[in-house]
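Here's a quick briefing to read with the model open.

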Amino acid sequence: MSSIITQGRRVLEKTADQALMKEINKSIVLNRIRFHSPISRSQISNETGLNKATVSALTDELIRDGLVLEVGQGRSRVGRRPIMLLFNASAGSVLGVELGVEYVRVAITDFSARALSVREEPLPKNLGAEEVLERLRSSIARALEEAPESRYGVIGIGVGVPGLVDFARGVVLRAPHLKWDNIPLKAMMESWFGKPVLVDNEANAGALGEKLYGAATHVSSLMYISAGTGIGTGIVIGDELIRGADGVAGEFGHMSIDVHGESCPCGNVGCWELYASERALVAAYAKLSGEELDFDGVLARFQVSDPAALQAFQTVGRYLGAGAVNLVNGLNPAMIVLGNRLAEGGRMVTDAMQQAILSRCLVSPYAKVVVQTSALGRDACAIGSAALVLHDFFAGPRARVSSHVTISR
């Protein structure tokens, strides 16, 4: 009797293994089409190592699932022209959300993280946690009502938050600028909307967005610097987003660049973000011009080439470079992508950063890091938050059988 039970268990295990392998292969085929379409079945076979029969069968399933379309014939030097495959990005949608200190920005994207619509609503200063949460809830509820009809509908919501986030639990551990501590945002939002929710640090979301859909698709290591009210950094090394032992890596904004500098609300002194943020820009402009303006006012002056505004952006760019040089020495990224509001200074800021890095950097003679502004612009965090959901949705069982999930295309 025991031998029969053992044989039965082996049959079940073999069947389960075969089913898992099929799902893994299906995910491989789908993601090849997602990022490289139009593509033919034979190209997929050659590039993935899967045999043609397997690719053909899995592709047929994906077509029935509504995720892949056949779009006509490609070119061929010999034989029949291949049928080309296209990823059906309109099969569903995602909400990508950036919760800023002074605004809520919500993007409705398709399955290729292309923004179909973006809405930003201001957050008045000095709102309490409950009031901010209610503004966030109402903004998302409105976007859900506006999302287009599709086969899969809205598959989930991604949220980027300026603070320490326990990504696994979706808990905002601390967001100093929002005055939040231990907010179980994922659980709250899933109870509100009945959809899967992923919550991450806003710079991590920006890094993921730039890696998959923006300026850094061709590099495996990058540093995304979100420079606005404060500084956040998202770091990708070897196609992996670095979260650290407790999931809160990347808080380089509170790295001291002046041990005798100003006191920071975080408890440290001389923090990087005190010298390279919106506040620092406004202070630099006031010192140069004798006129006190808010960030938007300084930006407006910059856009008409006001000398004091140009110099203020350049000064902040040098401080951004002075902090970034420590990360370049320690992590050796191929690219630095500058995002958030200070990126609106464009080349004035990135050139000053590049110059500061090259003049101070130990490794610069051997590794030339490229500094540029975000390709996704103000939508980087919202698109990156949507990308969190898309990556989770399309990662397939590989995410369940491996602790290392790459984010390469």
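Two strands count as paired here if DSSP finds at least two bridges between them. In general, strands of a sheet pair through backbone hydrogen bonds, either parallel or antiparallel. Keep in mind that what you're looking at is a predicted model.

**The three-stranded sheet**

- Look for an open sheet of three strands, running in the order β8-β9-β10 with antiparallel pairing.
- β8 (164–166) and β10 (180–183) are the edge strands, so each of them pairs on one side only.
- On average, neighbouring strands of this sheet are turned by 15° against each other, if you ignore direction.
- Zoom in on β9 (residues 171–175) and you'll find it pairs with β10 in the antiparallel sense, over three bridges.

**The largest pocket**

- The largest pocket holds about 990 Å³ of space.
- It's lined by 40 residues, and the closest to its centre are V101, H177, G228, T229 and G230.
- Several elements give two or more residues to that lining: β4 (93–99), β6 (115–122), β13 (231–237), α7 (278–289) and α8 (295–303).
- Which element gives the most to the lining of the largest pocket? That's α7, with three residues.

**What the lining is made of**

- By residue class, the lining of the largest pocket divides into 14 nonpolar, twelve polar and 14 charged residues.

Note on methods:
Residues numbered from 1 in each chain as written. Predicted model: local features only at pLDDT ≥ 70, side-chain atom pairs only at ≥ 80, totals over all residues. Heavy atoms only, no water. 1 Å grid on protein atoms, 1.4 Å probe; cavity = no way out; pocket = protein on both sides within 12 Å on 5 of 7 lines; lining within 4 Å. Points joined across faces, edges and corners; volume = space filled by probe spheres on them. Helix = DSSP H or I, 4+ residues; strand = E, 2+ residues; numbered from the N terminus. Nonpolar A, V, L, I, M, F, W, Y, C, P; charged D, E, K, R; others polar. Axes fitted to C-alpha atoms, helices over the stretch in contact; angles between N-to-C directions.
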